Amino acid sequence: MLLHLSTWAEVERFLERSRTIVVPIGSNEQHGPTGLLGTDWLCPEIIAHEAQKSADILVAPTFNIGMAQHHLGFPGTISLRPSTFIAAIGDWTRSLAVHGFEKILFLNGHGGNVASIEAAFSELYAEASFARRRAGFALRLRNWWDIKGVGALARQQFPTGHGSHATPSEIAVTQWAYPDAIKSANYAPQIAGSGPIREALDFRARHPDGRMGSDPGLATPEKGGALVALAAKGLIEEVEAFGRELPAG
Ligand code: NI
């Protein structure tokens, strides 16, 4: 069930049978010469939307702008600074909690979001702690590539050239979902170099075409479809287990 295609009355009825919701969260940022700018929000959205087709799971609108300051040297990247991102995650969570959602799972598609999402969770829990009350909700962060079995499948599909940005696995997922938007380029070098992440101008100087350690030319829609199927299955299991945990305060 997709929240943005539901009515308030349908959501009210959903809350009678479940207090769990999935929020796809990502980033709109450059992904090398062939990766879509939306890659990091499309991947968790594609997986969550696929999962809700075969299970009674509610999926929130995708939180599609994240912490991507280091990619701002490339056109099309849109970033929130960490403090803005943390504040926005707080208000999304408070909004959902007002209506009774007690288990909120953020399905993340961008490694650069992790520190800020975890800081946002700590801010939200701290509000309850300082007020000497229960939070009333439990929060979970799951990177889609960390869903059970997904990392192993990606390593099997791409034993070399996976890298850490504009990876063939994430690009394969978008190719499966949006075959009309598949791009091609001559990569030079075939596998990009790696290095530290600092500010945007430093990043562009180190990683001139935007990739980090990856060969996106290895991506195929078929490999992406296998990753989506496995991730959607694992997400359903994880949402159900999260829902069964003791209710939050
Ligand atoms: Ni990415």
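In this predicted model, a right-handed β-α-β unit is built from strand S2, helix H4 (residues 114–130) and strand S3. S2 and S3 (residues 138–143) run parallel and are joined by six bridges, with Asn 108 sitting opposite Asn 143 of S3. S2 also pairs with S1 (residues 20–25), again in the parallel sense and over six bridges; here Pro 24 has Leu 107 of S2 as its bridge partner.

S2 itself (residues 103–108) is mostly covered, with six of its six residues buried. In a regular strand, side chains alternate between the two faces of the sheet. In S2, Lys 103, Leu 105 and Leu 107 point one way, while Ile 104, Phe 106 and Asn 108 point the other, and all are buried. Lys 103 turns up again in a ring contact: it lies over the face of Phe 242, at 5.7 Å from the ring centre.

As for the rings, the structure holds six aromatic pairs. One of them, Phe 63 with Phe 85, is edge-to-face, at 5.4 Å centre to centre and 85° between the planes. This pair ties together distant parts of the chain, 22 residues apart: Phe 63 belongs to the loop between helices H2 (39–51) and H3 (82–98), and Phe 85 to H3. Both Phe 63 and Phe 85 are buried. Tyr 125 and Phe 137, by contrast, have planes at 25° and centres 6.5 Å apart, so they count as stacked. Tyr 125 is partly exposed at 31% relative accessible area, whereas Phe 137, at 10%, counts as buried. Finally, ring pairs join Phe 63, Phe 85 and Trp 92 into a cluster.

Note on methods. Residues numbered from 1 in each chain as written. Predicted model: local features only at pLDDT ≥ 70, side-chain atom pairs only at ≥ 80, totals over all residues. Heavy atoms only, no water. Buried < 20%, exposed > 50% of the residue type's maximum accessible area, 1.4 Å probe, protein only. Helix = DSSP H or I, 4+ residues; strand = E, 2+ residues; numbered from the N terminus. Pairing = 2+ DSSP bridges. Right-handed = clockwise from strand over helix to strand, strands pointing away. Phe/Tyr/Trp six-rings, centres within 6.5 Å; stacked < 30°, edge-to-face > 60°. Lys NZ or Arg CZ within 6 Å of the ring centre and 35° of its normal.
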